[in-house]
Amino acid sequence: PVAEEAATTTRQAGEAEEPVAPGGTEETPVVEDTAANDAEASPATADASEDPSGAEGAAAVPDDESTDEVDELLAVGENLAGMTLADVESEADVNADPQKAPVKTPDVFDRMGYGSSEDGDGGERTAADVESDDDDDRDLVAPLVAAIRRADSGEEPLSPSSIGVKAWALSYEISGFVGTLDAPPGVDATIDKLPVFIRNAVDALPTLARALALAPDPVNTQRKILVPAAGAHRVAVVEIIASLLEIGIAGVDAAVAATEVVPGKLALVPAVAAMLFTHAQGSPLLCVATRVVCTALQSPTEALWAPLLAGGWAAAAAAAGVTPAVEPADDGNLQTRVARAAGAAVELKPGSRKCNVGFVLITATTMRDLEGDEDPPHLALREALENDAGWQAFAAEGGALERLDSERSGGLCGPKPSRGMSLMDMAGGGGGVGMTSQELLQVLQSLSAQR
């Protein structure tokens, strides 16, 4: 037939013009998925009727096939030959039904500002967050300082988890160093004998203190009660302060005593103490804040704890954004606030008291023990407590302190059976570091994740 001969002749002419690689093997050019290639391929695809044998190696067209059907088949063949794997995958992605990301329900740690128990924002150290412990040259302080400054200046919005991860990394190293100390360094020890990262942390205390004023928004509890959020970043920074004080070097204590959250208005230790009374629902924060206050009270550096014996720091902390606003009656000294909080709790049944009552009791017990110290430097503390009528009534025999302490230690039938680590152990009140707020937070998050 004439049509068949014309197709065959045209195909042979096309084959003769095709270059053949040496060895008789035809090389197939690599077709890149570009706009230029699509433009070059479109004429042949659009007008296949002019050259029905444009596809290499096409079979002869049977007589009973119409020209339109042949053109359509040849066009499909050319399109398939020019497609790459990327084209196929791209087309599949377009046609596939979009998968909606699952909606994550905030847990209690999200609401309290500590970070989720699932995503590790509460302070878990991962390889991506903290470099290898073998790298002694890593700088853990500079990234934390930079992040706090950006948030404090308003350059970046506050991210408690981002700052918290950096702060946890530093606190972990400092507490690890404290754990290696067999005994306190002694009064003759100096800062220059400490590791570089601790000296850098001491130098950065003014910036670290500013983190306490970066408060997250309050959150609603399941009972629709608005409560202040602690924030993982503030818990971690307070953990750093506690670990520094637990080193027991006078120079470090003096540096912490000289650090202010607001220059001339609010010192660092009173700011931490203020959170002990206002953030009554956050155990990790209460744990580490109690360690700071009790360690500061036991320090021979009077400048560290003397501001706690005066009033005014509660209102200053509220004005700085560290805590919510407080009533004027609550803007007293430490002994007054401890006596008021514990005195109100003793009238309530166990189980209906605020979470901070146990930690306030630890602070009160520490103060009562130090009241018996007749030698300097705690002579000023003893005199302040002896001259405070409210404290004397609280700490007297049969007072609120003794009643609460008897509930904790046991009643007429002997001591209550031990149920593991006590609040005193968690806060370090039994001597040593005890459980850090990071460890407590991870335990609580683990329990929450199992529910």
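**Entry 1: helix 6**

I looked up helix 6 (residues 141–153) first; its 13 residues reach 18 Å from the first C-alpha to the last, close to the 18 Å expected at 1.5 Å a residue. The expected span is 1.5 Å times one less than the number of residues. Helices here are DSSP runs (H or I, at least four residues), numbered from the N terminus.

This is a predicted model, in which local features need pLDDT of at least 70, side-chain atom pairs count only at pLDDT 80 or more, and totals for chains, interfaces and linings use all residues. Residues are numbered from 1 along each chain as its sequence is written, and side-chain values use heavy atoms, without hydrogens and water.

**Entry 2: its two sides**

Which residues of helix 6 are buried? I found Val141, Leu144, Val145, Ala147, Ile148 and Ala151. Buried means under 20% relative accessible area, exposed over 50%, partly exposed in between (1.4 Å probe, protein chains only).

After helix 6 comes Gly154, with a positive phi near 85 degrees.

**Entry 3: an aromatic pair**

I then turned to the rings. Rings of Phe, Tyr and Trp (its six-membered ring) pair if their centres lie within 6.5 Å; planes under 30 degrees apart are stacked, over 60 edge-to-face, the rest tilted. The count is 1 aromatic pair. Trp391 and Phe394 form this tilted pair, at 5.4 Å centre to centre and 55 degrees between the planes. Both Trp391 and Phe394 are buried.

Notes:
Helices (H or I, at least four residues) and strands (E, at least two) are DSSP runs, numbered from the N terminus.
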